[in-house]
Amino acid sequence: MDKGYEKESFESISIKTSVAKKFRLYSKKLHKSNSMTLLLMLDFFEANNLSPDKSLDSTIYTLENLIKKRISAVIAILRDIEKKQTKPTVAMLQALFEEMEPKSKSLLVERKKRKELPTRFSEKNNNL
């Protein structure tokens, strides 16, 4: 049974046999009753302000152009944010970090080797 419509009675509408068969197949694909399928279709047309007589091509192109304009506007906003906020902020942070870094002195200094002088003393090996 259709939820919310259990107590309503049925009404008949005269339609051609081929249309009825096609509609019943479509209802089965949706796993809905014939009444609910027809109700869904009517709600869809009313909600989207569509008419079965009109072609959707013009509507689709209009929507596509509207979406493209909105995407272009978003891209322009992001570029503006990048130019006016992100790049100057990064530059200021880099300048701060460069000032904060102490000039590093090399901790390890390489010394030149000295010439070894002859030793005056030597150790004795005490092998007992």
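How many helices and strands are there in the protein? There are three helices and zero strands, where helices (H or I, at least four residues) and strands (E, at least two) are DSSP runs numbered from the N terminus. Colour the chain by secondary structure, and the pattern read along the sequence is α-α-α. This is a predicted model, in which local features need pLDDT of at least 70 and side-chain atom pairs count only at pLDDT 80 or more, while totals for chains, interfaces and linings use all residues. Residues are numbered from 1 along each chain as its sequence is written, and side-chain values use heavy atoms, with hydrogens and water left out.

**The whole surface**

**Helix α1**

Select Ser27, which is found in helix α1. Is Ser27 buried or exposed? Ser27 is buried, with a relative accessible area of 2%. Show the neighbours of Ser27 next: leaving aside residues up to four places away in sequence, Ser27 touches Lys32, Ser33, Asn34 and Thr37, a contact being heavy atoms within 4.5 Å.

Stay in helix α1 and select Ala20, which is also buried, at a relative accessible area of 9%. If you draw a distance from the C-alpha atom of Ala20 to that of Asn34, 14 residues apart along the chain, the separation is 9.8 Å.

**Two loops**

Move on to His31, whose place is in the loop between α1 (17-30) and α2 (34-47). His31 has a positive phi of about 60 degrees although it is not a glycine, and His31 is exposed, with a relative accessible area of 73%.

Then select Asn49, which lies in the loop between α2 and α3 (57-100). Asn49 is not a glycine either, yet has a positive phi of about 55 degrees, and the relative accessible area of Asn49 is 71%, which counts as exposed.

**An aromatic pair**

The structure holds one aromatic pair. Select Phe44 and Phe45 to see this pair, which is edge-to-face, with 5.9 Å centre to centre and 65 degrees between the planes. For such pairs, rings of Phe, Tyr and Trp (its six-membered ring) must have centres within 6.5 Å, and planes under 30 degrees apart count as stacked, over 60 as edge-to-face and the rest as tilted. Phe44 is partly exposed at 46% relative accessibility, and Phe45 is partly exposed with a relative accessible area of 28%.

How many salt bridges does a search of the whole structure find? The search finds two salt bridges, each being a side-chain nitrogen of Lys or Arg within 4 Å of a carboxyl oxygen of Asp or Glu.

Select Lys68 and Glu64, whose side chains meet at 3.6 Å, N to O, in a salt bridge. Both residues lie in helix α3, four residues apart, about one turn of the helix. Lys68 is partly exposed at 47% relative accessible area, and Glu64 is partly exposed at 35%.

Select Asp80 and Lys84 for another salt bridge, with 3.5 Å from N to O. Because Asp80 and Lys84 are four residues apart in helix α3, about one helical turn separates them. Asp80 is partly exposed, with a relative accessible area of 37%, whereas Lys84 is exposed, at 62%.

**The largest pocket**

For the last stop, select Phe10, Glu11, Asn34, Ser35 and Leu38, which lie nearest the centre of the largest pocket among the 21 residues that line it. The elements that give two or more residues to this lining are α1 and α2, and α2 supplies the largest share, six residues. About 810 Å³ of space lies in the largest pocket. On a 1 Å grid over the protein atoms alone, a pocket is an open set of points where a 1.4 Å probe fits, with protein on both sides within 12 Å along at least five of seven lines, and lining residues have an atom within 4 Å of a point. Grid points are joined across faces, edges and corners, and the volume is the space filled by probe spheres set on the points.

How values were computed:
Buried means under 20% relative accessible area, exposed over 50%, partly exposed in between (1.4 Å probe, protein chains only).
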